[in-house]
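This report describes the strand arrangement, selected side-chain contacts and backbone exceptions of one protein model. Please consult the sequence and coordinates shown below alongside the text.

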Amino acid sequence: MIFVNDRATARAIEADFLARHTEAGDGDPDWLMKRAAHAVAEAVTALVHRGDTALVHRSPAFSPGCVESDDCLTLPRVCALVGGGDNGGDALYALAYLAEQGFSCSALLLAPKSHSRGRSVALEAGVQILDAYALVQEKLADQQDPAGGADGEQARSKLWALTDISNIATALEAPIWIDGILGIGASGELREPTRSFIEELVQLQQARGVKVVAVDVPSGQFSDDGEVTGPVVSATTTVTMGLLKTPLVLPPSAYYTGTLQCVPLGFNAQESDVRVVTDQDVARTVIRPDWADHKYTRGVAGLVVGSETYPGAGALSCLGASYSGVGMVRLDAPDQVLDLVLTLEPGIVGVGGRIQAGLVGPGMDDDTRVNALELAKFCVASHLPLIVDAGALSFVREMATVGGLERVLLTPHAGEAEAMFSQWGQKRPRWWVEQCPVEAARLLAKLSGANVLLKGASCILSTPQGEIVIVPRGSGWAGVAGSGDVLAGLLAGFAAQWGAKSERGSSTTSLVEALAAGALVHARAGERAASKVSVSGGPVTAIQIAKCVSSVIGELLA
């Protein structure tokens, strides 16, 4: 697990590090900034060498600004969006390094001041420096001040338009931007003209498909809990410095970071209540069988899944559990479901017996509800891990009548979360859950007393105490019918392995960590399935995702 800090904490950690290393860099006050800038320049270069034809082959409008490198690769123009803080300095130094490599570079200064040493180095390297802030101010001075009120505000925002000034518009035609407008010191509402600048840049980026490398964090208006409250520049790659910051990993603001790269600068995050699960956590959870292990010591998962109404959900859940590494999967289901499951995986056992974790909900209908509730109550009363998904989310309060839910994981998506809140007399519409998923997951966990995995592009796991574990995004192609059933089965398998390890005192993870590791494997399996279609991904089905689980686990254990 990797700890993640909010922006204020990250800023304080960096300041403390610099204060304790005043002698570093041979007296160069910008030594740390230059290390960060090198990483930004490398990220820009990586975009070009990735083979993106939109960058390598220029349209006629871009051709005059391109040069030929030694290996005959046409280098695209690069434009840095420079704010008044250290991020702007990083961007200026990065442009200098790129200019030395043969890139044609421009810098737009979007604040009243900019990093003077970085600006001088960039100028010396041949970077075109445009004081966009001053040019826009000159344009404003030449025009009549618009009326006040709401209409006046709208009129003033139009006057801030960057592309009305020809040389700025030309610079912004570059197919790659470096976003150094705002850093981790920015908070609250965006002020003018920064807000208007960012709104216009967002529109240009979307219209032209510009690739953006963000310095530390994408520029925009968002909270430390990931809520997006205003315009945000969407990055292709974000190069963050030293440690992860919460807006980079908590959705929905995390969806603006693109590919996230963390550059080690010599300081680490403090312990916090937000963590990100990593590949190493999978290796700590899955049982590596040795000569003494057998099917009962490797974990046994008990499933009440599927119905005559939804037989496929039962089959997919069983496959997810079977490929997770457990020694046995027991299934309680109607004959139609059992027959289907045995056709796909003959090793599934249709007889009850001892288990170390349970799963209820996938494919449940009115006829299977009684058995599902019976298994759920058995697990709660026996303090066994339990995964509760889909239809079974409707009887969480009934389960709580027989014991505490500290070993229960609820797995709603946003629509199911909306319905669940009503069980505790809370009205939380789906749009709110999607806009504030971290807050929603925390609140649902607190109300229920159970752990909650709120499903989405990035899954959010919250404990009743408010601790958050983020599961990094997988492939968007994995968002298909049945994918959640595979996930539920996979989680049951990881919970059963955790239970087996706990019984013999060999577990090195908490249940929450084990469950987060299972969700990560599901995300990786979705990526693996999509990548088999094409290098850039392609359509997959839930069963294709399930069949990739074993190979993903195998590689993570290697």
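In this predicted model, seven strands form an open sheet in the order β6-β5-β4-β7-β8-β11-β12, and the pairing is parallel. The edges are taken by β6 (128-130) and β12 (259-263); each has a single partner strand, so one side of each is left without a neighbour in the sheet. From one strand to the next, the twist averages 20°. Cys 79 stands opposite Trp 177, a residue of β7.

A further open sheet has ten strands with mixed pairing, in the order β1-β13-β21-β20-β19-β18-β17-β16-β14-β15. Here β1 (2-3) and β15 (328-331) stand at the edges with a single partner strand each, and therefore one side of each lacks a neighbour in the sheet. Strands β14 and β16 pair in the parallel sense over four bridges. In that pair, Ala 301 stands opposite Ala 357 of β16.

| Strand pair | Residues | Bridges |
|---|---|---|
| β14 and β16 | 300-304 and 357-360 | four |

Charged side chains form the next topic. How many salt bridges does a search of the whole structure find? The search finds 19.

On the surface, a patch of negative charge gathers Glu 308, Asp 335, Asp 339, Asp 366 and Asp 367. Of these residues, Asp 339 lies in helix α13, which spans residues 335-344.

The backbone also has features that call for attention. Most residues other than glycine have a negative phi, and most peptide bonds are trans. The peptide bond from Glu 192 to Pro 193 is cis, with omega near 5°; Pro 193 is found in the loop between β7 and α9 (194-208). The bond from Pro 251 to Pro 252 is likewise a cis peptide bond, with omega near 5°, and Pro 252 is found in the loop between α10 (246-249) and β12. His 383, a residue other than glycine, has a positive phi near 60°. This histidine, His 383, is placed in the loop between α14 (369-382) and β17 (386-388).

Definitions and conventions
Residues are numbered from 1 along each chain as its sequence is written. This is a predicted model: local features need pLDDT of at least 70, side-chain atom pairs count only at pLDDT 80 or more; totals for chains, interfaces and linings use all residues. Side-chain values use heavy atoms; hydrogens and water are left out. Patches are made of residues with over 30% relative accessible area and no salt bridge: like charges are joined within 9 Å, nonpolar side chains (Val, Leu, Ile, Met, Phe, Trp, Tyr) within 5 Å. Accessible areas come from the Shrake-Rupley method with a 1.4 Å probe; for residues, only the protein chains shown count as cover. A salt bridge is a side-chain nitrogen of Lys or Arg within 4 Å of a carboxyl oxygen of Asp or Glu. Lys and Arg count as positive and Asp and Glu as negative; His and the chain ends are not counted. The place of a charge is taken as NZ of Lys, CZ of Arg, CG of Asp or CD of Glu. Helices (H or I, at least four residues) and strands (E, at least two) are DSSP runs, numbered from the N terminus. Two strands pair if DSSP finds at least two bridges between them. Axes are lines fitted to C-alpha atoms, for helices over the stretch in contact, and angles run from 0 to 180 degrees between N-to-C directions.
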